[in-house]
Amino acid sequence: MYQLVYVVVSTVRIIIAVLQFLMLARAILSWLPIDDDNPIVTFLYAVTEPVIMPVRAVLDRLGLFEGMPIDMSFFITFILLSVLEMFL
């Protein structure tokens, strides 16, 4: 039983680490003059947007961080993933 829990927790930690890495790659590439049709950019958005989108929807619904030039949902999602990893 403990082995199964260990495997599940380890797998979730790896998934969180990969997501955080891809989010950082997305942030770095957003600063570069790369076309949005680039396959790497398309892949990064396809993988990370489903994780960021729910946080963005909640922030929009609550009216938080309106008019800010930075997408705060990205940072909040990254922090939430870090907190989740700490609890595992």
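**Reading burial and helix packing in a predicted model**

Reply: Tryptophan 31 is exposed, with a relative accessible area of 69%.

Me: Why does tryptophan 31 count as exposed?

Reply: Residues are called exposed when their relative accessible area is over 50%. Tryptophan 31 has 69%, and therefore it counts as exposed.

Me: Is serine 73 buried or exposed?

Reply: The term buried applies under 20% relative accessible area. Serine 73 has 1% relative accessibility, so it is buried. This serine is part of helix H3, which spans residues 72-87.

Me: Which residues does serine 73 touch, leaving aside those up to four places away in sequence?

Reply: Serine 73 touches Ile52, Val55, Arg56 and Leu59. With arginine 56 there is also a polar contact of 3.4 Å between the two side chains.

Me: How is the direction of H1 relative to H3 to be read?

Reply: One considers the angle between the axes; an angle over 145 degrees counts as roughly antiparallel. The axes of H1 (residues 2-31) and H3 cross at roughly 160 degrees and come within 10 Å. H1 is therefore roughly antiparallel to H3. The crossing is left-handed.

Me: Which residues of H1 and H3 meet?

Reply: On the H1 side they include Ile16, Leu19 and Met23, and on the H3 side Phe74, Phe78 and Leu81 are among them. The residues of this contact comprise nine nonpolar, three polar and two charged.

Me: How far apart are tryptophan 31 and leucine 19 in space?

Reply: Their C-alpha atoms are 19 Å apart, and the two residues are twelve residues apart in sequence.

Technical notes:
Residues are numbered from 1 along each chain as its sequence is written. This is a predicted model: local features need pLDDT of at least 70, side-chain atom pairs count only at pLDDT 80 or more; totals for chains, interfaces and linings use all residues. Side-chain values use heavy atoms; hydrogens and water are left out. Helices (H or I, at least four residues) and strands (E, at least two) are DSSP runs, numbered from the N terminus. Buried means under 20% relative accessible area, exposed over 50%, partly exposed in between (1.4 Å probe, protein chains only). A polar contact is a pair of N or O atoms within 3.5 Å; within protein, one must be able to donate a hydrogen and the other to accept it, and residues adjacent in sequence count only if both atoms are side-chain atoms. Contact means heavy atoms within 4.5 Å. Axes are lines fitted to C-alpha atoms, for helices over the stretch in contact, and angles run from 0 to 180 degrees between N-to-C directions. Angles under 35 degrees count as roughly parallel, over 145 as roughly antiparallel, 65 to 115 as roughly perpendicular and the rest as oblique. A crossing is left-handed if the near helix is turned anticlockwise from the far one by less than a right angle, and right-handed if clockwise. Ala, Val, Leu, Ile, Met, Phe, Trp, Tyr, Cys and Pro count as nonpolar, Asp, Glu, Lys and Arg as charged, and the others, Gly among them, as polar.
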